[in-house]
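Colleague: Please take me through this model one feature at a time. For each one, give me the rule for reading it and then the case at hand.

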Amino acid sequence: MNTERPDQDGTGGEGTRAGRRRSRGLLTASVAAAVLLAGGGGAYLAATASGGAGGGGTSTGASDAGTPPPLALDSPATDGGATAYRAGGRLPDGPDSAPVYRATGQVTEAEVARLAEALDLTGKPVVRGASWTVGSVEDGSGPLLRVERTAPGNWTFQRSAAARDDCGPKDKVCVTAPTGAGPVGEATAKKAAAPVLAAVGQGGAGLDAGQVMGARRVVNADPVVGGLPTEGWTTGVIVGADGTVAGGSGRLKAPVKEDTYPVLDAERTLALMRKAPAAKGDCASAVPLEGGAGTCGTEPGRATATVERAVFGLAAQPVRGRAALVPSWLFEVREPGAADTVTVTRAAVDPEYLTPARPSPRPSAERDVEVTGYTAEGTDLTLRFTGGVCATYDAAADEDSGRVRVEVTEHSDPDRVCVLIAKEYELTVRLDEPLGGRAVVGSDGERIPLAKEGARLPAPTGGG
């Protein structure tokens with residue numbers, strides 16, 4: 001396994017100062033700690049959307065009059081693709097215009113404390129780098145809440161696997177429920193999730209508690225903002241077999257109303273989705289709006305999906321690098337032979353008000369990740385941290401005689417549509433010599449605690 005990567009100076013990681021070395025490592029993954037927070041993208045594909053009410057946004061005072069500024073979607077939808085779409089019936093007209101919503105500002109200590117209280121956490125919120133944290137940051141032996149300080153305030157929560165009173169000091173894995181215990185019922189799970197949803201302003205959101213992960217049940221909440229249903233702004237709360245909240249993720253800052261844009265009806269929006277490079281026998285329209293006969297230009301092997309329902313709403317998409325809810329049509333689509341429908345979203349903003357793809361560089365796809373613990377064996381230094389399932393990670397160690405400074409960097413594709421699942425990872429770097437009595441510090445200079453057995457989730461599942 002290659003555990004090192006050359007530096008830009010081509011020295012294979014050897015720095016210019018004696019006794020220092022920049023080492024990099026490879027990744028192993030542990031298990032999911034939080035679930036179902038949809039990422040942005042031009043055509044988000046998810047499980048069948050549920051309805052519901054609650055969790056509206058507030059207005060920034062942006063004027064609805066006059067001409068709005070061009071809307072710069074970072075991930076515009078790609079027309080065409082592997083699927084052709086046809087309407088199974090008449091599609092709705094929808095409104096003439098609708099606003100964009102976006103979370104702004106900084107997450108306050110009071111907002112984090114409110115969520116922490118709903119999760120039965122004690123202690124004061126503490127700033128660590130770009131995040132607020134509440135819980136066992138030092139040793140990872142108990143529950144931990146992390147909230148990004150900048151809007152929309154992405155948050156993740158996990159309760160330690162070492163929560164059972166009879167866990168001994170040598171226990172590798174401690175479970176929170178008896179072996180063979182099944183998930184709680186949907187009503188019980190919704191009741192357990194209610195305080196958390198209220199704390200994030202989604203007490204009246206539509207709920208779906210049908211997802212089960214082993215002995216855990218997931219309650220997904222999709223808020224209604226400005227009277228419109230949403231896709232991609234989901235809060236997920238994981239309820240354990242004992243009926244308590246075991247994990248979760250979501251966004252803490254409520255979205256606020258910004259500029260209002262003219263929008264297309266469902267038929268014209270679907271027509272944009274149907275556009276694709278024509279196959280042999282060029283034709284102007286790939287698929288007729290109604291009925292199935294006369295399909296034109298559909299190349300062999302290209303599936304035709306039926307739009308069974310269209311609802312006007314808001315879909316999460318990045319706008320100039322910031323998460324936003326964009327006026328969109330939420331199409332309930334059934335693939336040929338599929339038992340269930342999926343929801344495909346398409347921005348409904350009139351293309352006249354969309355800016356072309358920017359020639360400037362894409363939003364930064366790298367960020368530093370907080371290291372929560374480490375173990376050392378020989379010259380191997382293993383770092384522990386929490387990350388997502390769609391990103392890649394590498395680690396670097398800069399060592400001298402008194403300390404070892406480590407960094408973990410996340411690399412992600414801002415154009416990729418992804419469900420955000422928080423996972424615990426381990427990544428190993430190789431030092432020049434055993435760690436010994438040297439301190440391990442993060443990129444901010446703060447000392448990183450030694451990870452303890454039992455403070456991790458069950459055994460790693462493989463490469464990440």
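Predicted model: local features only at pLDDT ≥ 70, side-chain atom pairs only at ≥ 80, totals over all residues.

Colleague: In which sense do strand 13 and strand 14 pair?

Modeller: Two strands count as paired if DSSP finds at least two bridges between them. Strand 13 (residues 224-225) and strand 14 (residues 228-231) are antiparallel, over two bridges, and V225 faces L228 of strand 14. Strand 14 also pairs with strand 18 (residues 303-319), in the parallel sense and again over two bridges. There T230 stands opposite L314.

Colleague: Which residues of helix 1 are buried?

Modeller: Buried is under 20% relative accessible area, exposed is over 50%, and partly exposed is in between (1.4 Å probe, protein chains only). The buried residues of helix 1 are E111, V112, L115, A116 and A118. They sit on the same side of the helix because they cover an arc of only 160 degrees around the axis, the arc being that of the directions from the helix axis to the C-beta atoms. A110 and E117 are exposed, on the face turned away from that buried side. Just after helix 1, D120 has a positive phi of about 60 degrees.

Colleague: What covers the buried residues of helix 1?

Modeller: The cover includes helix 2 and strands 8, 9 and 10. For a single residue, look at contacts, meaning heavy atoms within 4.5 Å. Neighbours within four places in sequence aside, L115 is in contact with L145, W155, V196, A199, V200 and L252.

Colleague: Which residues of the largest nonpolar core touch the most other members?

Modeller: In soluble globular proteins, nonpolar side chains tend to be buried together. A nonpolar core is a set of buried Ala, Val, Leu, Ile, Met, Phe, Trp, Tyr and Cys residues joined through side-chain atoms within 4.5 Å. The largest one here has 29 residues, and L115, L145 and W155 touch the most other members. Elements that each supply at least two residues include helix 1 (109-118), strand 9 (144-148), strand 10 (154-158) and helix 2 (186-199). Helix 2 gives the largest share, six residues. A separate second core has 26 residues, among them A87, A98, A103 and W329.

Colleague: How many salt bridges does the structure hold?

Modeller: A salt bridge is a side-chain nitrogen of Lys or Arg within 4 Å of a carboxyl oxygen of Asp or Glu. The structure holds twelve. One of them joins R102 and E258, at 2.8 Å from N to O. R102 lies in strand 6 (residues 97-102) and E258 in strand 17 (residues 256-262), 156 residues apart. R102 is buried at 12% relative accessibility, and E258 is buried at 15%.

Colleague: Which residues are linked with E370 in a network of salt bridges?

Modeller: R128 and R146. The closest N and O atoms are 2.5 Å apart for E370 with R128, and 2.5 Å apart for E370 with R146. E370 is in the loop between strand 21 and strand 22, 224 residues from R146 in strand 9. E370 is partly exposed at 22%, whereas R146 is buried at 12%.

Note on methods
Residues numbered from 1 in each chain as written. Heavy atoms only, no water. Helix = DSSP H or I, 4+ residues; strand = E, 2+ residues; numbered from the N terminus.
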